[in-house]
Amino acid sequence: MSRYLVTMDGKIKMTTATHKTPNESEVVMTELVLPNDTNTLNNLMGGRLLHMMDIASAVCAQRHSRSIVVTASVDNVSFAQPIALGEVVTLKAKVTRAFNSSMEVFIEVTAEDIPNGKLKQSNSAYYTFVAVDDAGKPRRVPEVTPETAVEKSHYEGALRRRQMRLVLANRMKPQEANELKAIFFDE
Ligand SMILES: CC(C)(COP(=O)(O)OP(=O)(O)OC[C@H]1O[C@@H](n2cnc3c(N)ncnc32)[C@H](O)[C@@H]1OP(=O)(O)O)[C@@H](O)C(=O)NCCC(=O)NCCS
């Protein structure tokens, strides 16, 4: 896994990163809602928003892993408030935790009505991406080192969410999901 550093004397150096912070791969993407993006109520279509979210969070996972990534799963998407034609959508994606070849990315969407100066939280979701090689085979990714209190909280919860989605996808036996058992049952 390589990344580039500019040294004090201005030279560009390639380094190997085994850990990266969420800030190193953060993505902020801004889109204007145009007529082609809307439904018959003149609001942004859910599928169009999911597409934007997939792109922003995939770029974030690519930056973290410096690799091709594929979407493995998406969870906790809900559309709390409609986003209207002409509003500006801002998507902010940050990697919360990485495992072996997979990474969880948290994405938050806000919508801004610029003429009226109104900003609203629209929705958020967790995406899971898997880094793959040219043959589509999963490959190892750097670990995440959370820095802020919010990043640490996302990091802590990521193992629980991973077990939940793997159980639901029939990829993990419920009895092996120790993090989930700790929530539901006293030891
Ligand atoms: C995701 C994919 C690469 C996993 O391949 P696989 O051969 O099953 O690989 P593995 O069983 O070794 O799992 C690899 C990783 O994927 C994770 N994974 C697999 N399915 C998952 C799911 N449903 N949710 C979350 N993570 C999942 C595993 O937990 C594992 O993570 P880890 O390496 O960090 O422990 C493969 O299923 C795939 O290519 N799917 C299609 C992806 C795609 O086309 N996405 C766009 C869809 S619109």
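This is a predicted model: local features need pLDDT of at least 70, side-chain atom pairs count only at pLDDT 80 or more; totals for chains, interfaces and linings use all residues.
1. Core. The largest nonpolar core holds 29 residues, and Val105 and Ile107 are the members that touch the most others in it. Two or more residues come to this core from each of helix 1 (46–65), strand 6 (88–98), strand 7 (102–113) and strand 8 (118–132).

2. Val105. Setting aside neighbours within four places in sequence, the contacts of Val105 are Ser57, Cys60, Ala61, Ala93, Lys94, Val95, Thr96, Tyr127 and Phe129.

3. Asn42. This residue is not a glycine, yet its phi is positive, at about 65°. Asn42 sits in the loop that runs between strand 4 (27–32) and helix 1. Asn42 counts as exposed because it has 12 C-beta neighbours inside 10 Å, and the cut-off for exposed is 12 or fewer.

4. Arg66. A positive phi, near 50°, is also found at Arg66, again a residue other than glycine. Its place is the loop between helix 1 and strand 5 (68–75). Arg66 has 15 other C-beta atoms within 10 Å, so it is classed as partly exposed.

5. Ligand shell. There are 17 residues around the ligand, and those that come nearest are Ser73, Phe99, Asn100, Ser101 and Ser102. Strand 5, strand 8 and helix 2 (149–168) are the elements that give two or more residues to this shell. Strand 5 provides the largest share, four residues.

6. Shell composition. By residue class, the shell around the ligand comprises eight nonpolar, seven polar and two charged residues.

Key. Residues are numbered from 1 along each chain as its sequence is written. A nonpolar core is a set of buried Ala, Val, Leu, Ile, Met, Phe, Trp, Tyr and Cys residues joined through C-beta atoms within 7 Å. A residue is buried if 20 or more other C-beta atoms lie within 10 Å of its own, exposed if 12 or fewer, and partly exposed in between; C-beta atoms are placed from the backbone. Two residues are in contact if their C-beta atoms, placed from the backbone, lie within 7 Å. A residue is near a molecule or strand if its C-beta atom, placed from the backbone, lies within 6 Å of it. Ala, Val, Leu, Ile, Met, Phe, Trp, Tyr, Cys and Pro count as nonpolar, Asp, Glu, Lys and Arg as charged, and the others, Gly among them, as polar.
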